[in-house]
Amino acid sequence: MIKIAILGFGTVGSGVYEVLNKNRIEIAHNAAEEIEVKYIVDIRDFSGTEVESLVTKDFSVVESDPEVSIVVETIGGARIAYDYTKRALLAGKSVITSNKELVAKHGLELISIARERNLNYLFEASVGGGIPIISPITQCLTGNELDEIYGILNGTTNFILTSMVQDGASFEDALKEAQKRGYAELDPTADVEGIDAARKICILADLCFGKNVNPDSVGRKGISSVTLADVEYARRLGYKIKLLGRAYKMPLGRIAAYVAPHLISKTSLLSNVDGVMNGIVVHGNAIGECMFYGAGAGKLPTASAVVADIIDAVKHMKSRKYLGWDEAEEGYVVPASELVSRWYVRTGSGLKAIGEAFGDLRLISYPGEYPGAGPGEYAFATPEMSENELDEKLAGMDVRSKFRILD
Ligand code: HSE
């Protein structure tokens, strides 16, 4: 019998408890051990509920109990969760987490503590919710040299963009619905402004390319600047707007990583990843392109990944599962502005300015012919160029939107 503790009994923590109970027989069979939740650590009051007898507010009870060999951290954030994770590892317990903020910021240190003590620190649920992506990258695709990973990494923003496009919902109503369904972070800014996706692309880049990518080095643009006019102009071109996280191998072994809205072709698989679903594309020199699709957020999908990690930790009690990356040298992460692509631009500047900067271009829209557009507005797509080149051409113009086109 393996005894575990769950830290934080919110959406994910209670989902883990539910899945452990619901699938008790299958899980015991797959882990070749019974798994029992001995403690739930949460500062809230759970009296009168079925978990009342398991709840404690005091983490040191877990820390000092030698019977507990696995701790599940579903608190979120990088403060208390960091403290408890470190203490749990130092007390000889493996830790499983869904906390992308903590893994992106402190993963390198926590993995090294786990490694020194032959413990597991596993975080499949930190990226893509229920989608298996960490294990495929670190197991099934390790025969490849990977050169690119990108995808729809945030369920809340994908849910909002999909509701705006398909149902004409307002941004605010779509966000409220996402929060009601338990997809959004406590502070929705982290979703809407691409902070959550930036943490996830860091973790993916860490694992794909083997060196630490600090979330502060990731360029970031969220969806608050996307308008219904952009959605309409993208549609006319045969594209959909999606928020993507992307990490790309540059010359000399450097990495570019960023999060931004992109125009992606309606014929691509990724453009049909709608609602709360996530889709992640990995490119390797043997596999070519490989896509992973599934529920990127939500109670039970995320719990599904956490529980799989618990089972994996049980199976790797004696010899830890290798998972990790190394410290990066100075200059390893370079700005994505060096990356070349075509661009979609919406501007309030006139034809003269557009012509002088870009020469002959096919316009997507003219002022006055789309009711949702701003006054005097044109939209167009550019030939391939880097963001630096684009910004030089756009200098002095009234730029209202500027998104990469992923061809
Ligand atoms: N807020 C996150 C999302 C939760 O919407 O994708 C899952 O990481």
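A nitrogen atom of the ligand lies 2.8 Å from a polar backbone atom of Tyr183, where a polar contact is a pair of N or O atoms within 3.5 Å. An oxygen atom of the ligand is 2.6 Å from an N or O atom in the side chain of Thr156. For Asn154, the distance from a side-chain N or O atom to a ligand oxygen is 3.5 Å.

Before I continue, the conventions. This is a predicted model, in which local features need pLDDT of at least 70 and side-chain atom pairs count only at pLDDT 80 or more, while totals for chains, interfaces and linings use all residues. Residues are numbered from 1 along each chain as its sequence is written, and side-chain values use heavy atoms, with hydrogens and water left out.

The residues surrounding the ligand also include Lys100, Asp191, Asp196 and Lys200; the criterion is a heavy atom within 4 Å.

Now the helices, which are DSSP runs of H or I with at least four residues, numbered from the N terminus. The axes of α4 (residues 80-90) and α5 (residues 100-116) come within 10 Å and cross at roughly 15 degrees; axes are lines fitted to C-alpha atoms over the stretch in contact, and angles run from 0 to 180 degrees between N-to-C directions. The two helices are therefore roughly parallel, the term for angles under 35 degrees.

Among the residues meeting there are Tyr82 and Leu89 in α4, and Leu110 and Ile113 in α5, contact meaning heavy atoms within 4.5 Å.

Finally, α2 (residues 24-31) and α12 (residues 299-315) pack at about 35 degrees, with axes 9 Å apart.

Technical notes: Angles under 35 degrees count as roughly parallel, over 145 as roughly antiparallel, 65 to 115 as roughly perpendicular and the rest as oblique. A polar contact is a pair of N or O atoms within 3.5 Å; within protein, one must be able to donate a hydrogen and the other to accept it, and residues adjacent in sequence count only if both atoms are side-chain atoms.
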